[in-house]
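Thanks for coming. I will go through one structure piece by piece, so please keep the picture in view while I talk.

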Amino acid sequence: MATNGVLSKSRRSFLSLSAAASAAVALRIVTEPMLARARDHHPPAGSIMIDANENPLGPCTSAREAIVTITPQGGRYLDGLTEDLVNAIAQMEGVKPDYVPVHAGSTVPLHHTVCAFTSPQRSYVTADPGFEAGMFSATAMGARVVKVPLTKNYAHDVKAMLAAGTDAGLFYVCLPNNPTGTLTSHSDIEYLVENKPNGSIVLVDEAYIHFSDATSTVDLVKADKDVILLRTFSKLYGMAGIRCGVALGRPDLLEKMYTYGGGNFMPITALVAASASLKHTGLVAERKKINADIREGVFHWLDSNGYSFVRSQSNCFMLDTKRPAKEIIEAMAARNVFIGRAWPVWPTHVRITVGTKLEMEKFQMAFQEVMRSKPAHNAITPERGLWANLDGRRVRAI
Ligand SMILES: Cc1ncc(COP(=O)(O)O)c(C=O)c1O
């Protein structure tokens, strides 16, 4: 589906699959759904959608009620609501309000931060496999993208990242990592921050932290280190379609990010839903447990049936199909079960989002059927490069 109805025809044809594709992503923000649905499918109603790390529970009841209650005032900007949310987060995290700009999702500050700190002279250093959005932004800035394999325990290999990024402008750490759902220790992140090249920053993306037992990096923000932290209401809080995210960092770092945009008004529905979610005592623990119980149930089933996977602390995990990932993704889609993508570095793994218990039972049934069917061919031919779906077209970035 086209995401921007105002694009002219000539601009559309510019977004082609050619070598000019990297120019096409310039200034574009690449989001999880663009990456998840790089094949532009139109799933039939009732499909199992476990491809984009969405939360099937949606917003909590008090967030839904807050949205309904504020709707009659939708004709107003109500900027005081932004202040209320900023103050609530600042108080919770123990930082000053000017350390906490809120945005319509965390993709926006992610993109702007990468734009601000990478350039043809300053590289972007990330884990492999790792969340791709920042790689698109860095590519658009003409920066070298350095992908460093995870350690054998699936943590970010901070020493290898430092060695490979002596010219780095930004080190991207995802905690827990997307797509593996694995953790990097706080001491390793601290080591990265202490030993990075001058002028660079560490961007810690805590989109999925609420699902895990990871130690947040917020203490390094409080200590005024060269760290920007991202959080989102899209995952545990179930507000991906409502759009609310936060960047936390020293105001002088955030100021650099603003060179590339920001400052727009937030939708008031997102603000009140986020504020209500934060006031819901016990919500994080409740949802963390729901996700963990379903995830561990799937892990138990996979173990019992002899399938290999990477143990995760998030709402997604990597499943090793031992067959070309594309073949499995397509066979599952033919059964209306839409699973996540593969990363070129792990050509037989697919990313699975943890859905509801019923959804995961349907996933298990379809997966068993697919794995018991004869493989289409034996050769594993990994897809190269990074792909996203821009305006209904499949575009390769690098
Ligand atoms: C690691 C990571 N960071 C950031 C985001 C962006 O989420 P949003 O813009 O919905 O806050 C996502 C989305 O899936 C993600 O996986």
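Let me start with a pair of strands. β10 and β12 run antiparallel, and five bridges join them. Within this pair, Phe 317 stands opposite Ile 352 in β12. Before I go further, please note that this is a predicted model.

The two strands belong to an open sheet of three strands, in the order β9-β10-β12, with antiparallel pairing. Which strands stand at the edges? They are β9 and β12, the latter covering residues 349-353. Each has a single partner strand, so one side of each is left without a neighbour in the sheet.

Now look at the loop between β9, residues 308-309, and β10, residues 316-320. Ser 314 is found there. Is Ser 314 buried or exposed? Its relative accessibility is 0%, and buried means under 20%, so Ser 314 counts as buried. Leaving out residues up to four places away in sequence, Ser 314 touches Pro 176, Gly 181, Tyr 208, Phe 211, Asn 291, Arg 295 and Val 354.

Leu 175 and Pro 176 are joined by a cis peptide bond, with omega at about -10°. Pro 176 is found in the loop between β5, residues 168-174, and α9, residues 186-195. The bond from Asp 128 to Pro 129 is cis too, with omega near 0°. Pro 129 lies in the loop that runs between β3, residues 123-128, and α7, residues 133-140.

Next, two residues with a positive phi. Leu 78 is not a glycine, yet its phi is positive, about 50°. You will find Leu 78 in the loop between α4, residues 61-70, and α5, residues 80-93. With a relative accessible area of 23%, Leu 78 is partly exposed. Asn 336 is also a residue other than glycine, and its phi is near 60°. Asn 336 lies in the loop between α14, residues 325-334, and β11, residues 337-339. Asn 336 is partly exposed as well, with a relative accessible area of 31%.

On to the inside. In soluble globular proteins, nonpolar side chains tend to be buried together. Here, the largest nonpolar core has 55 residues. Those with the most contacts inside it are Val 100, Val 102, Phe 171, Val 202, Phe 233 and Cys 244. Which helix gives the most to this core? That is α12, residues 268-279, with seven residues. Apart from this core lies another, of 26 residues, among them Val 298, Phe 309, Ala 366 and Met 371.

Take Val 100 as an example from the largest core. Not counting residues up to four places away in sequence, Val 100 touches Val 86, Ile 89, Ala 90, Val 95, Val 246, Ala 247 and Leu 248.

Last, a pair of helices. The axes of α6, residues 107-117, and α11, residues 251-258, come within 7 Å and cross at roughly 90°. The two helices are therefore roughly perpendicular to each other. On the α6 side, the residues are Pro 109, His 112, Thr 113, Ala 116 and Phe 117. They meet Leu 253, Lys 256 and Met 257 in α11. By class, this contact has five nonpolar, two polar and one charged residues.

That is the end of my tour.

Key:
Residues numbered from 1 in each chain as written. Predicted model: local features only at pLDDT ≥ 70, side-chain atom pairs only at ≥ 80, totals over all residues. Heavy atoms only, no water. Core = buried A, V, L, I, M, F, W, Y, C linked by side-chain atoms within 4.5 Å. Buried < 20%, exposed > 50% of the residue type's maximum accessible area, 1.4 Å probe, protein only. Helix = DSSP H or I, 4+ residues; strand = E, 2+ residues; numbered from the N terminus. Contact = heavy atoms within 4.5 Å. Axes fitted to C-alpha atoms, helices over the stretch in contact; angles between N-to-C directions. Parallel < 35°, antiparallel > 145°, perpendicular 65-115°, else oblique. Nonpolar A, V, L, I, M, F, W, Y, C, P; charged D, E, K, R; others polar. Pairing = 2+ DSSP bridges.
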